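Visitor: Please take a close look at the aromatic pairs of this structure and describe them in detail.

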Amino acid sequence: MRYEGKIYRPPSEADAYILQATVGCSWNRCTYCDMYSDKVYREREVEACLEDLRTAAAIARNRVDKLFVGDGDALGMPMDRWLAILKAADGGFPLLRRVSCYATAINILKKTPDELAALREAGLKRLYIGPESGDDATLKRIAKGSTFAEHVAAAERARAAGIELSVIVLLGIAGTERAAEHASATARLISAMDPAFASALTTTVVPKTPLHTLQTRGRFALPSVVEMLRELRTIVDEARPTDALFRTNHASNYLAIGGRLPRDRVAILATIDSAIAGEVTLRPEWARGL
């Protein structure tokens, strides 16, 4: 597998074959993120991608059942590139059951409903989208590039095409200033986007990011661990998706939980309450990842 720079993928794609079709992130302005700060965004040549797929198929033709297309927001690629990749993947891996990628509200909305439907028909089954917050003031402050309403419109368009959504939110990203507003608005956003999957990560202030600069200047304060657990509690308590698998299994989190919303809401809340009360062992700081 050829890959330029550090590899980032969702936890649920740990066993997927990863194809780097784009390098970096076309947006790359979010104040908290340094994942692609060392890369200049570009699309790899289609033939190079197809060669990677042929090589992988020659080695693991009957072992690959999931394909994750990277880097940061590969959905932004033009349709001809996407369809060539999906056709080659379908032909190369007979057991392939899912192709997925990261996406933004921006590049979902740049695709027409018919284009998204064509991608789904060709094998793109899941999009991972990270609005991080449902609070418009927070979205503006972290330079997310899309509003609450735009994230909802993007979700509706993807779901109408039959593409699964996995929505990612960030505990602590609003700081201490708007923690309550962030938590409640994020619960509303999960309800409105109505994803099949939702997950919460925990904010880490990464050196050299704009968020770190704000922190050093006293303009951003990360909530305490207990305060971020309270944010998590609000999100779980108030979110009303139709039926979503909710998880906090990312390495950044202090508390790993999982279950379905709304079915397992009471049990999840009980675990969070126990953690807030100090009755559950949390992941130590040294063991957390980004």
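Guide: The account below concerns the aromatic rings and their surroundings. The model is predicted, so local features need pLDDT of at least 70 and side-chain atom pairs count only at pLDDT 80 or more, while totals for chains, interfaces and linings use all residues. Residues are numbered from 1 along each chain as its sequence is written, and side-chain values use heavy atoms, with hydrogens and water left out.

Five aromatic pairs are found in the whole structure; rings of Phe, Tyr and Trp (its six-membered ring) pair if their centres lie within 6.5 Å, with planes under 30 degrees apart stacked, over 60 edge-to-face and the rest tilted. The ring centres of Y17 and F93 are 6.2 Å apart and the planes stand at 45°, so this pair is tilted. Because Y17 belongs to strand β1 (residues 17–20) and F93 to the loop between α2 (79–92) and β5, the contact ties together parts 76 residues apart in sequence; helices (H or I, at least four residues) and strands (E, at least two) are DSSP runs, numbered from the N terminus. Y17 is buried at 13% relative accessible area, and F93 is buried at 1%, where buried means under 20%, exposed over 50% and partly exposed in between (1.4 Å probe, protein chains only).

For Y102 and Y128, the centres are 6.3 Å apart and the planes at 75°, so the pair is edge-to-face. Y102 in strand β5 and Y128 in strand β6 are 26 residues apart. Y102 is buried, with a relative accessible area of 13%, and Y128 is buried at 2%. Ring pairs also join F68, Y102 and Y128 into a cluster.
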